[in-house]
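Keep the sequence and the structure side by side as you read.

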Amino acid sequence: MHLLVIEDERALCETIVRSLRRLAYSVDYCYDGEKALALLGVERYDLVLLDLNLPKKDGMTVLRTLRQTDRETRVLILSARSEVEDKVQGLDAGANDYLAKPFHLAELEARIRSLTLRQFTQQDVLLSCGGLTFDTRSRTAAVNGQTLTLTRKETGILEYLMVHQGRPVSQEELMDHVWDNSVDSFSNSIRVHISALRKKLRAVLGYDPIRNRIGEGYLMGGEEE
């Protein structure tokens, strides 16, 4: 999942980003509305965490501008404005949820899980590929009921490939959605993590469910032909 945090309180922003990255989300962030609109114009995000009291352009301007061209990207408002009228205004402008400050990180993480899981159909809460399953709620993988031990990055890669079964996923797309925007596009890091993930899957399944499509990317599918 690729998230954008827009928050001008730098200490809070950094705390949120660290927390989400520990959960293996890919997270970009910025501190003002102008930078937010610039990022939203060139990047695709699964969820935007949006403060309202932003410098340069306020959060409502960012939200309304986004909704002029994008009705799909989910937006969670984070704001010290806790009056009912403020919440109604934010939701009417196109936000999907509203969380008043101060809040506990555990509640924020639960709101994020709820919003991002709505992108899947109900049966996709438990993704499957052959004998491999992935629980999108607990973010754990298992083979025949036995939980696999995966790193955060391996978990993110596997989830993204299983969500997008049936089509090749390029290295660049994985970098956008599993890594943050500081990763060098020429880095060998992605290939190293994918190689480690494939080795673990091969050990428990007896085959590698991830196939290479030359010039296209990685395809999550059945047994290798």
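Does arginine 139 count as buried or exposed? At 17% relative accessibility, arginine 139 counts as buried, where buried means under 20% relative accessible area, exposed means over 50%, and partly exposed is in between, using a 1.4 Å probe and protein chains only. You will find arginine 139 in the loop between β7 (132-135) and β8 (140-143). Its backbone deserves a look as well: arginine 139 has a positive phi of about 55° although it is not a glycine.

Before going on, a word on what you are looking at. This is a predicted model, in which local features need pLDDT of at least 70 and side-chain atom pairs count only at pLDDT 80 or more, while totals for chains, interfaces and linings use all residues. Residues are numbered from 1 along each chain as its sequence is written, and side-chain values use heavy atoms, with hydrogens and water left out.

Now for the overall picture. The secondary structure of the protein chain comes to eight helices and eleven strands; these are DSSP runs numbered from the N terminus, with helices being H or I runs of at least four residues and strands being E runs of at least two. Of the 225 residues in the protein chain, 48% are buried. Among contacts (heavy atoms within 4.5 Å) between residues at least 6 apart in sequence, 54% join residues at least 24 apart.

Leucine 49 gives one example of a buried position. Leucine 49 lies in strand β3 and is buried, with a relative accessible area of 0%. Leaving aside residues up to four places away in sequence, leucine 49 touches Leu3, Leu4, Val5, Ile6, Ile16, Leu20, Leu76, Leu78, Leu108 and Ile112. Take leucine 108 from that list: leucine 49 and leucine 108 are 59 residues apart in sequence and 9.8 Å apart in space, C-alpha to C-alpha.

Lysine 56 has a positive phi of about 70° although it is not a glycine, and it is exposed, with a relative accessible area of 63%.

Next comes helix α3 itself. At the start of α3, a side-chain oxygen of aspartate 58 reaches to within 3.0 Å of the backbone nitrogen of methionine 60. The buried residues of α3 (residues 59-69) are Gly59, Met60, Val62, Leu63, Leu66 and Arg67. They cover an arc of only 160° around the axis, which puts them on the same side of α3; the arc is that of the directions from the helix axis to the C-beta atoms. An α-helix has 3.6 residues a turn, so residues three or four places apart point the same way. The buried residues of α3 pack against β1 (2-6), α2 (33-42), β3 (47-51), β4 (74-79) and α4 (84-92). On the face turned away from the buried side, α3 carries the exposed residues Gln68 and Thr69.

Helix α2 can be read in the same manner. At its start, a side-chain oxygen of aspartate 32 reaches to within 3.0 Å of the backbone nitrogen of glutamate 34. The buried residues of α2 are Gly33, Ala36, Leu39 and Leu40. They cover an arc of only 120° around the axis, which puts them on the same side of α2. What covers these buried residues includes β1, β2 (26-30), β3 and α3, while Gly41 and Val42 are exposed on the other side of α2.

How do the two helices meet? α2 and α3 pack at an angle of about 20°, with their axes 10 Å apart. That makes α2 roughly parallel to α3, a term for angles under 35 degrees, with over 145 counting as roughly antiparallel, 65 to 115 as roughly perpendicular and the rest as oblique. Axes here are lines fitted to C-alpha atoms, for helices over the stretch in contact, and angles run from 0 to 180 degrees between N-to-C directions. In this pairing, Gly33, Ala36, Leu37 and Leu40 in α2 meet Val62, Thr65 and Leu66 in α3.

For another helix pair, turn to α6 (residues 152-163) and α8 (residues 189-205), which pack at an angle of about 80°, with their axes 9 Å apart. α6 and α8 are therefore roughly perpendicular to each other.

Notes:
Polar contact = N/O pair within 3.5 Å; in protein donor to acceptor, adjacent residues only side chain to side chain.
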